[in-house]
Amino acid sequence: MDDGGSLPPEVTRELVGLRRRVAELEARLAAREGASSDRGVDQESRHSRAELEAILRNLAAGIVIIDTRGLCRQTNDKFADMVGYPAEVLIGRPLMSLTHPDDIEVSVEQIEALKSGRMDSYSIEKRYLRRDDGWFWAEACVTGIEDDDGRLTGLVGVITDITERKQVEEALRRSQGYLEAMFTNLAAGVALVDADGVILRANSKFAEMMGYDPEELVGITLAEITHPDDVKHSGHQLQSIVGRKVQSYTIEKRYVRRDGGSFWAEASVTQIFGPDGRTQEFVGVITDIDRRKQAERKLKVAYECELEVSRTDPLTGLGNLKRYHEAAADYWRLCRAQARAKQSRPLSLILFDLDHFKKINDRHGHPAGDTCLKTLADRFGHLLRDEDAFCRVGGEEFAVLLPRTTLTEAQEIAERLRRRLEEVDIRHVRDDDSRIELKLTASFGVASISGGDAETDPRKMYAAADQALYRAKEAGRN
């Protein structure tokens, strides 16, 4: 069933927000493709990508990504089915060529406003042309795709067929007599309630959703069939329309069925005025969105997994260079904010590099080197605080970001790590089951910056620590 496809305009208002979030997730994933050169990361990313694509294939909405010239760069099968073309035929084609001539002008105006930065997204109702010379009404939610420098690189649109909804609107305009038929037979649930939230009437679809006969719902309050966690918010929304603070509202909430089970629904509520101009009752259109919620949760989990994989070193489980830069930026913002509040403590960095690590790989093989790296990550992790960011930033080079830590304190921590590594006996089992013991040492560089110093930043701190590390190497290592 098309989400909101047979509903009046107010029903889809909150749905627009979900489609924008889906579009943003698709855009971010597309921008990340190929970002990592590590084979393990690539495998995980491909797995996450496959999960996302499977979810998107099953969404009721079409998805289209176009470049700044308006050419289609990527689309899912749903949109291809809508317009009647194979997906591969649409690639490279101007998307505007599929827009109804009467709607081109308003579409161009919206796109130009987005390109100029006057808005970052928009939603529009327009007609698309089909391959068979027909057309259909759709709601297009469009969001810009930006690169790391904030430059617009393309647009992503979430397209929903709303032809049925448009047909309903037209039918209602033609005859008031359709209202009763729609109430009775509408695919969405409908309920009439009074100002106290008491149900006055319900259609068969809503009764079916709830597990009641329509007559049994009369006299029950909305609070009685609303999930306890959603009662307060739902009540506030109803009172806002009773008090005429708003004309209508749309809310996502959970309803409790007769059997005690619950489901997510989108309820769009509008007031109905009597002949005296006073509100007599309210009409709510209820759409079951449980599947949409499940898809949204899967998208969120898949995206978070993909994001975590992209910033994790697969060998040691530590953060990688990308994670280091993210943590450095976050900690630096915090450090600056604390400085403005006169509560600043420095941000410090320890860089260290394993001594003569190449000899271990050359003599004992890379599996032995991997054992050394994994052992180091495990032993050092126990010596650091949860808030410290411990990352592998190179082959045998590591970084430890220490928020709220002075240079002296960071030096003491570095010395503790140096001594600990010197004491560790690393045991490696070869393929032939023979065992070897290895010893490691490392050279360290430490630097610190203050949030109150406008002339410095994390890049300069990294450079200073790197220079100190180089001097430690020259001084004899370890």
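In helix α13 (residues 357-364), the buried residues are Phe357, Ile360 and Asn361; buried means under 20% relative accessible area, exposed over 50% and partly exposed in between, with a 1.4 Å probe and protein chains only. Viewed down the axis of α13, these residues fall within an arc of 95 degrees, so they line one face of the helix. The arc is taken from the directions from the helix axis to the C-beta atoms. An α-helix has 3.6 residues a turn, so residues three or four places apart point the same way. The exposed residues Lys358, Lys359, Asp362 and Arg363 are carried on the face of α13 turned away from its buried side. The cover over the buried residues of α13 includes β11 (347-354), α14 (366-381) and β15 (435-438). Helices (H or I, at least four residues) and strands (E, at least two) are DSSP runs numbered from the N terminus. After α13 comes Gly365, with a positive phi near 95 degrees.

The model is predicted: local features need pLDDT of at least 70, side-chain atom pairs count only at pLDDT 80 or more, and totals for chains, interfaces and linings use all residues. Residues are numbered from 1 along each chain as its sequence is written, and side-chain values use heavy atoms, with hydrogens and water left out. The chain has a mean pLDDT of 82, and 82% of its residues reach 70 or more; pLDDT is the predictor's confidence in each residue, from 0 to 100. Over residues 1-8 the pLDDT is below 50, and this stretch has 30 contacts in the model beyond near neighbours in sequence, a contact being heavy atoms within 4.5 Å.

The largest nonpolar core has 30 residues, of which Ile350, Phe352, Leu354, Leu376, Phe390 and Leu440 touch the most other members. Two or more residues of this core come from each of β11, α13, α14, β13 (397-402), α15 (407-423), β15 and β16 (442-449). The most is given by α14, with six residues. Apart from this core lies another, of 24 residues, among them Ala202, Tyr212, Ile251 and Tyr255. A nonpolar core is a set of buried Ala, Val, Leu, Ile, Met, Phe, Trp, Tyr and Cys residues joined through side-chain atoms within 4.5 Å.

Leaving aside residues up to four places away in sequence, Phe352 touches residues including Leu376, Phe380, Glu396, Val400 and Leu469. Phe352 also belongs to one aromatic cluster with Phe380, Phe390, Phe398 and Phe444.

Across the whole structure, 11 aromatic pairs are found. Tyr128 and Phe136 form a stacked pair, at 5.8 Å centre to centre and with 25 degrees between the planes. Rings of Phe, Tyr and Trp (its six-membered ring) pair if their centres lie within 6.5 Å; planes under 30 degrees apart count as stacked, over 60 as edge-to-face and the rest as tilted. Tyr128 is buried at a relative accessible area of 2%, and Phe136 is buried at 0%.

Charged groups also lie over rings. Arg127 is over the face of Trp135, 5.6 Å from the ring centre, and the charged end of Lys166 sits over the ring of Trp137, 4.4 Å from its centre. The criterion is NZ of Lys or CZ of Arg within 6 Å of the ring centre and within 35 degrees of the ring normal.

Arg404, a residue other than glycine, has a positive phi near 55 degrees. Arg404 is placed in the loop between β13 and α15 and is partly exposed at 36% relative accessibility.
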